Amino acid sequence: MNFGQAISSCLRNYATFSERASRSEFWWFFLFQILVSIAANTVSEKLGGLISLGLLLPALAVGARRLHDIGKSGWWQLLMISGIGFLVLVYWWVQPTEDDVSSYGSSPA
């Protein structure tokens, strides 16, 4: 999946917490979120805050779908509340896709 397809997919599945997301979809959207936030904060802090708030739900949704892709529950994102939990999540987000069909659906294309 390329940059444009990943952004389109994540915004189309704005609040879809079911199914699965590939590594490329997650990381391309992560990059998009960082770039847009930097650009918006350069213009205005209020605009940056609004953009970050607007991208929060799709970021959580793609994070949950990415965890589903490796066989974990999306609820594991609650680890972000602790400081060290983010490192555990990053480790899981970089793991390869499970090839088999799981309770979260078939492997993403």
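## Before we start

Residues are counted from 1 along each chain as its sequence is written, and side-chain values use heavy atoms, with hydrogens and water left out. Since the model is predicted, local features need pLDDT of at least 70 and side-chain atom pairs count only at pLDDT 80 or more, while totals for chains, interfaces and linings use all residues.

## The largest pocket

Rolling a probe the size of a water molecule over the atoms shows where empty space is left. Here, the largest pocket has a volume of about 190 Å³. A pocket is an open set of points on a 1 Å grid over the protein atoms alone, where a 1.4 Å probe fits, with protein on both sides within 12 Å along at least five of seven lines. Its volume is the space filled by probe spheres set on the points, which are joined across faces, edges and corners.

Helix 3 gives the most, with five residues. By class, the lining has ten nonpolar, three polar and no charged residues. In this scheme Ala, Val, Leu, Ile, Met, Phe, Trp, Tyr, Cys and Pro are nonpolar, Asp, Glu, Lys and Arg are charged, and the others, Gly among them, are polar.

## The nonpolar core

In soluble globular proteins, nonpolar side chains tend to be buried together. The largest nonpolar core in this model has 14 residues, and Phe29, Phe32, Val62, Leu67, Leu89, Trp92 and Trp93 have the most contacts inside it. Such a core is a set of buried Ala, Val, Leu, Ile, Met, Phe, Trp, Tyr and Cys residues joined through side-chain atoms within 4.5 Å. At least two residues of this core come from each of helix 1, helix 2, helix 3 and helix 4, and helix 3 gives the most, with four residues.

Phenylalanine 32 is in contact (heavy atoms within 4.5 Å) with Phe3, Ile7 and Leu55, leaving aside neighbours within four places in sequence.

## A buried arginine

Is arginine 66 buried or exposed? Arginine 66, in helix 3, counts as buried because its relative accessibility is 0%; the cut-offs are under 20% for buried, over 50% for exposed and in between for partly exposed (1.4 Å probe, protein chains only). Not counting residues up to four places away in sequence, arginine 66 touches several residues, including Ser22, Phe26, Trp92 and Trp93.

## Two loops

The loop between helix 1 (3–12) and helix 2 holds glutamate 19, which has a positive phi of about 75 degrees although it is not a glycine. Glutamate 19 is partly exposed, at 46% relative accessible area. Serine 22 is found in the loop between helix 1 and helix 2 too, but serine 22 is buried, at 9%. The side chain of serine 22 reaches the backbone nitrogen of glutamate 25 at 3.2 Å.

In the loop between helix 3 and helix 4 sits glycine 74, buried at 17% relative accessible area. Leaving aside neighbours within four places in sequence, glycine 74 is in contact with Ala64, Leu67 and His68.

Notes
On a 1 Å grid over the protein atoms alone, a cavity is a set of points where a 1.4 Å probe fits but cannot get out, and a pocket is an open set with protein on both sides within 12 Å along at least five of seven lines; lining residues have an atom within 4 Å of a point. A polar contact is a pair of N or O atoms within 3.5 Å; within protein, one must be able to donate a hydrogen and the other to accept it, and residues adjacent in sequence count only if both atoms are side-chain atoms.
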